[in-house]
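Morning, everyone. I have one structure to walk through today. Here it is on the screen.

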Amino acid sequence: MDFSSEFRDDPSDSRSEEERRIPDYCQAIRFKGSNGQVKELLFPKGLDLDRPKRARTTFSSAQLQSLEEEFRNNQYLVGKERTKLAQRLGLSETQVKVWFQNRRTKHKREKSREEEQQKLNAETMATCNILRLLQNHSTAIPSTTLTPTVQRSVYSPSSPVLLRPFFGPYCR
């Protein structure tokens, strides 16, 4: 990357040539790649990469139990209710707010999975029922009432559904 157009040669600038090619509003992070070559990434200084990351909040089982119970009663906790709950549990309002946001996301994901599973189960049951009907229908027709052409198509080895019904592992 060449940022030379953004700089003027300033004799009072004591930075090295390499430091001068990086704009003042950026910081460079250098590391060795898997091939041993030194790579450089530029980031805005506003990202404050030197600041340590905040530790993840660990909730006690009692706090989680209270939060889950409150969530079952009301998925959207605001105002005084959130303040009271936060005080009662010894948490900040922000922690309670973020917990509820994350829990609603988890709930939505679980609900979506359940609906998908129900749809899959319904499709599987419908398929099984159709296969049973086809099998029952093929065994209920006396062979004397079928014309030779129909008999061949119904009972031929190339007709696996009627000759060799397969319900699969999900059909009971």
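Leu41 is then in contact with Gln27, Ala28, Ile29 and Phe31. Leu41 sits in strand β2. Is Leu41 buried or partly exposed? Its relative accessibility is 39%, so it counts as partly exposed. One distance to go with that. Leu41 and Arg30 are 11 residues apart along the chain, and their C-alpha atoms are separated by 6.5 Å.

Please keep in mind that this is a predicted model.

Asp48 is found in the loop between β2, residues 38–44, and α2. Its relative accessible area is 37%, so Asp48 is partly exposed too. Asp48 and Gln27 are 21 residues apart along the chain. Their C-alpha atoms are separated by 9.5 Å.

Now the whole chain. How many helices and strands does the chain have? The count is six helices and two strands. From the N terminus, the order is α-β-β-α-α-α-α-α. The chain has 172 residues, and buried ones make up 16% of them. The chain exposes about 14000 Å². Carbon and sulfur atoms supply 53% of that area. Then the contacts.

On to the core. Nonpolar side chains tend to be buried together in soluble globular proteins. Here, the largest nonpolar core has 10 residues. They are Leu67, Phe71, Leu77, Leu85, Ala86, Leu89, Leu91, Val96, Trp99 and Phe100. Which helices each supply at least two residues of this core? They are α2 at 61–73, α3 at 79–89 and α4 at 93–140.

Look at Leu85 in that core. Again, leave out neighbours within four places in sequence. Leu85 is in contact with Leu67, Glu70, Leu77, Val96 and Phe100. Among these, Leu67, Leu77, Val96 and Phe100 are listed in the core as well.

Next, how α2 and α3 pack. Two packed helices are described by the angle between their axes and the distance between the axes. For α2 and α3, the angle is about 160° and the axes are 10 Å apart. That makes α2 roughly antiparallel to α3. The crossing of α2 past α3 is right-handed. Which residues meet there? From α2, we have Gln63, Ser66, Leu67 and Glu70. From α3, we have Leu85, Arg88 and Leu89.

Last stop, Arg103. Arg103 lies in helix α4. Is Arg103 buried or exposed? Its relative accessibility is 13%, so Arg103 counts as buried. What does Arg103 touch? Not counting residues up to four places away in sequence, Arg103 touches Glu68, Phe71 and Glu110. Phe71 is also one of the core residues.

That brings us to the end. To recap, we have a predicted model with six helices and two strands. The largest nonpolar core has 10 residues, with α2, α3 and α4 each giving at least two. Over to you for discussion.

Key. Residues numbered from 1 in each chain as written. Predicted model: local features only at pLDDT ≥ 70, side-chain atom pairs only at ≥ 80, totals over all residues. Heavy atoms only, no water. Core = buried A, V, L, I, M, F, W, Y, C linked by side-chain atoms within 4.5 Å. Buried < 20%, exposed > 50% of the residue type's maximum accessible area, 1.4 Å probe, protein only. Helix = DSSP H or I, 4+ residues; strand = E, 2+ residues; numbered from the N terminus. Contact = heavy atoms within 4.5 Å. Areas by Shrake-Rupley, 256 points an atom, 1.4 Å probe, with all protein chains shown as cover. Axes fitted to C-alpha atoms, helices over the stretch in contact; angles between N-to-C directions. Parallel < 35°, antiparallel > 145°, perpendicular 65-115°, else oblique. Left-handed = near helix turned anticlockwise from the far one by under 90°.
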